Amino acid sequence: MKKILQGNEAVARGAWEAGVTVGCAYPGIPSSKIMAELSKYKEIYTEWSPNEKVAVEVAHGASLAGGKAIACMKHVGLNVAADPLMTIAYTGVKGGFVIVVADDPGQHSSQNEQDSRHWTRFGKVPMLEPADSEECKDFTKIAFEISERFDTPVLLRGETRVSHCDSTLELGERKESTVQRGLDQKETPKLVMVPMYARVRRVAVEERITKLAAYADTEFPYNSMEINDPSIGFISSGVSYLYTKEVFPRYSFLKLGMVWPLPRNMIAEFFKKVKKVIVVEELDPFFETEIKAMGYKVWHGKDLIPAIGELSPSIVEQSLTKAVERKSYKAPKVRIKPEDLPRRPPNLCAGCSHRPLFYALKKLGLYVFGDIGCYALAVAPLLSAMHALTCMAACVGGAYGAGKVLGDSTFLHGGIGPLMDAVYNKGYSTTLILDNRITAMTGQQEHPGTGYTIQSEPASMIDYEQLARAVGVKHVKKVDPYKVKETMEVIREEVNRDDASVIITENSLCILLRRAKPLEKFKNPFYGVDTEKCRNCKVCLEINCPAISWQEGEGQTKDGHKRKGTGFINKDQCVGCEVCAQICKFEAIVPGTK
Amino acid sequence: MKENGKVTNIFLSGVGGQGTILASNILAEVFLKAGYDVKKSEVHGMAQRGGDVTTRFRFGKKVYSPLIKYGDVDYLISFEMLEAARYINWVKPEGKIIINKQEILPPAVSLGQIEYPKDIEKMFKKYFKDNVWIFNGQEIARKLGNIQAANVVLVGAFSNFFPEFKEEQWTDAIKELLAAKLHELNIQAFYEGRKALQG
């Protein structure tokens with residue numbers, strides 16, 4: 001019977017059917033759900049690793065012991081894991097080893113838009129690119145076969161419109177691995193990458209990619225040619241193929257299921273069979289460049305199709321209709337200019353502990369190096385309390401490098417190294433660890449600081465204070481961010497030191513972390529504005545709380561101050577965190593009554 | 001399964017936390033069980049944080065793209081007035097529209113910097129005449145005891161467009177996707193929504 005699964009679920013299902021025994025990931029949109037799904041299968045050990053490099057290393061270790069293993073991450077995660085990847089390409093694998101890397105064209109929830117296909121050529125390892133859920137499952141399974149047959153890690157490219165798209169497929173059965181379990185000391189020259197041995201493997205890597213190219217041409221079942229109207233042939237892959245097929249179904253197609261190495265003979269045959277070739281691919285001209293380098297004339301590609309942002313059937317149609325159909329693209333009727341409508345950017349949840357903390361930083365006038373996660377939303381006006389952000393945990397080093405500034409951190413991902421640096425090299429930055437006990441932004445995943453594993457089993461929990469002291473931080477303070485004044489005093493004291501310091505928030509559970517009942521700590525269920533006291537100073541608006549808005553209306557306070565409006569608190573949205581009541585100078589925000 | 005070849009495009013829009021994804025999951029389940037090929041695309045991440053959320057759902061004999069072409073939407077289901085207006089250009093001239101009459105203020109409106117657009121209902125009626133249904137699904141859900149069920153109220157309203165489906169096809173999907181303790185509330189919500197659009 002047909003089932004409907006999301007691309008991520010289908011990858012997990014494919015891994016299970018392939019006989020995977022170990023799965024490791026650091027959550028990152030759009031890849032996060034793969035490991036969450038995989039953790040439901042009892043035959044598989046799964047973990048949230050502290051970062052992607054660790055995930056790849058743990059999974060590779062499992063592979064060397066004969067297990068089939070999978071590591072999953074978003075595109076920027078592979079940057080972190082690139083170090084092991086580039087040399088695992090030399091050592092190879094024993095049990096099949098697949099690394100899933102999910103791109104985010106259009107940057108729906110990412111700090112950059114890098115095209116992960118470049119890793120495959122750079123790393124000299126094969127990459128497969130599924131287009132829908134059925135292919136997600138099938139390609140994951142064949143990726144394990146390729147991995148074992150060619151002794152290589154295999155990259156599987158996801159992306160937002162594949163990983164987060166639901167489509168139909170047939171479920172299969174699990175097939176246990178036949179690879180012999182156990183480690184073999186005789187394999188040392190293949191696995192110890194000192195120069196003497198690595199030079200030997202360097203040759204093996206080139207031989208392997210040649211064999212893989214032949215396999216891509218003759219055996220790999222998911223590079224396919226559809227010769228229909230031969231006047232135009234499209235070369236495409238993944239979801240770009242689906243968009244093109246949707247818009248121009250009557251022409252010919254070469255769909256590449258394997259991004260690298262390319263099937264040279266098949267490409268040659270396609271150029272013989274069709275008159276003109278258009279390459280449709282998202283982001284960089286990866287195929288186009290390679291195909292041109294083979295000496296072929298590509299009629300159209302990135303000259304017409306945008307290289308920035310995601311593609312869609314509309315963009316493919318707009319870019320190519322004139323060339324393909326020799327008529328101009330007719331845009332649908334515009335009834336409203338969407339740019340005239342108020343935008344709706346995401347915001348920190350009502351009651352979130354990051355809100356008062358960032359308000360405190362703002363009031364102190366500090367320059368904040370921020371980090372990846374919900375707290376990046378503190379950049380939004382009027383809170384406007386973040387000033388630099390690049391990648392996970394970069395803020396700790398950034399803060400040290402820039403001088404007297406602040407960083408908060410996705411600390412466990414990569415913040416310990418730069419904190420050591422700040423201490424060792426006599427820095428005086430203040431690092432804030434916003435401990436909300438969960439990986440919140442990506443949808444509530446556990447990590448070594450939460451006290452639970454991916455299977456929700458109790459586990460050891462990082463003690464941030466001891467950890468900071470162990471690397472040599474002398475000044476470690478804890479603050480309750482919901483006490484705004486006290487928090488400001490502690491931060492003021494710590495940033496004025498000539499030593500590195502660490503401030504850890506406590507009582508700051510993520511508001512969405514249901515198991516910990518975060519709302520119970522608030523005394524009152526909601527607050528309201530006392531219109532007899534509100535003087536319309538608008539300070540309450542500065543914290544960007546989704547429950548607070550401004551209402552126009554001439555009036556005056558009980559003691560006669562004239563005003564043009566008041567603050568307003570929507571009690572359906574307010575959770576009673578009291579931060580606005582603390583910052584109101586006129587005691588105009590009071591516990592609400594039903 | 002009727003119509004061969006034709007793919008039907010449904011666009012759902014709302015604000016993070018309103019349950020657009022569950023609503024689209026119910027649709028996917030119903031059309032899958034009815035024998036159609038289905039594809040559904042959504043963007044996660046900001047969904048719980050009050051940002052705008054969209055889901056595209058397509059069904060037909062064979063569906064290629066998970067995304068809908070601009071201007072090709074057959075049904076727009078919106079959980080919030082402004083989030084309906086944002087996608088009005090996407091709807092075909094003969095498209096049908098269901099909107100939950102709720103206004104959730106975006107930040108710039110909360111701050112008093114810009115007004116919430118006032119004439120959304122009028123604008124939809126102007127372009128789509130009798131093919132627009134705007135009703136207060138949230139109020140219906142509130143009466144049932146939980147405003148979170150407004151999404152299923154809208155699914156109930158939408159179900160009227162497919163008279164060939166039995167009511168059980170919808171309620172079975174709801175049962176399949178939700179925990180047992182939520183069945184009663186949501187099935188009620190479905191029926192109330194179904195009645196609301198008939199009346």
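Two strands pair if DSSP finds at least two bridges between them, and strands (E, at least two residues) and helices (H or I, at least four) are DSSP runs numbered from the N terminus. The legends below describe a predicted model, in which local features need pLDDT of at least 70, side-chain atom pairs count only at pLDDT 80 or more, and totals for chains, interfaces and linings use all residues. Residues are numbered from 1 along each chain as its sequence is written, while chains are lettered from A and ligands numbered from 1 in the order in which they are written.

**View 1. Strand S7 of chain A and its parallel partners.**
Strand S6 (residues 127-128) of chain A runs parallel to S7(A), and two bridges join them. Leu128(A) has Leu156(A) as its bridge partner there. Strand S5 (residues 97-103) of chain A is also parallel to S7(A), this time with six bridges, and Ala102(A) sits opposite Gly158(A). S7(A) itself covers residues 154-159, and six of its six residues are buried (20 or more other C-beta atoms within 10 Å of a residue's own; 12 or fewer makes it exposed, anything in between partly exposed, with C-beta atoms placed from the backbone). In a regular strand the side chains alternate between the two faces of the sheet. Here, Val154(A), Leu156(A) and Gly158(A) point one way, and Leu155(A), Arg157(A) and Glu159(A) the other.

**View 2. Strand S2 of chain A, buried on both faces.**
Val22(A) and Cys24(A) point one way from S2(A) (residues 22-25), Gly23(A) and Ala25(A) point the other way, and all are buried. Four bridges pair S2(A) in the parallel sense with strand S3 (residues 45-48) of chain A, where Val22(A) faces Tyr45(A). What does Ala25(A) touch, not counting residues up to four places away in sequence? The list is Ile34(A), Met35(A), Trp48(A), Ser49(A), Ala55(A), Ala71(A), Cys72(A) and Met73(A), where a contact needs C-beta atoms, placed from the backbone, within 7 Å.

**View 3. The largest nonpolar core.**
A nonpolar core is a set of buried Ala, Val, Leu, Ile, Met, Phe, Trp, Tyr and Cys residues joined through C-beta atoms within 7 Å. The largest one has 153 residues, and Ala25(A), Ala59(A), Ala71(A), Val100(A) and Leu154(B) touch the most other members. Domain 1 (2-218) and domain 2 (224-325) of chain A both contribute residues, so this core lies between them; the domain bounds come from an automatic or database domain assignment. A second, separate core of 71 residues includes Leu377(A), Ala393(A), Leu432(A) and Leu434(A). Leu154(B) belongs to the buried residues of helix H6 (residues 150-159) of chain B, a helix with 10 of its 10 residues buried.

**View 4. A five-stranded open sheet in chain A.**
The strand order is S14-S15-S16-S18-S17, with parallel pairing. Strands S14 (368-369) and S17 (475-479) are the edges, each pairing on one side only. Two bridges link S14(A) with the parallel strand S15 (residues 406-408) of chain A, and Val368(A) has Leu406(A) as its bridge partner. Helix H16 (residues 394-402) of chain A lies across S14, S15 and S16 (430-433), at about 175 degrees to S15(A). Helix H20 (residues 484-495) of chain A lies across S15, S16, S17 and S18 (501-505), at about 165 degrees to S17(A). For these angles, axes are lines fitted to C-alpha atoms (for helices over the stretch in contact), and values run from 0 to 180 degrees between N-to-C directions.

**View 5. Where chain A meets chain B.**
In this interface, 48 residues of chain A are in contact with 43 residues of chain B. The largest share of the chain A side, five residues, comes from helix H11(A). By class that side has 25 nonpolar, 13 polar and 10 charged residues (nonpolar means Ala, Val, Leu, Ile, Met, Phe, Trp, Tyr, Cys and Pro; charged means Asp, Glu, Lys and Arg; the others, Gly among them, are polar). S8(A) pairs with strand S2 (residues 37-42) of chain B in the antiparallel sense over three bridges, and Cys165(A) has Ser41(B) as its bridge partner.

**View 6. Leu320(A) in helix H14 of chain A.**
Leu320(A) sits in H14(A). Why does Leu320(A) count as buried? Because Leu320(A) has 21 C-beta neighbours inside 10 Å. Beyond its neighbours within four places in sequence, Leu320(A) is in contact with Ile278(A), His300(A) and Leu304(A).

Methods. Two residues are in contact if their C-beta atoms, placed from the backbone, lie within 7 Å.
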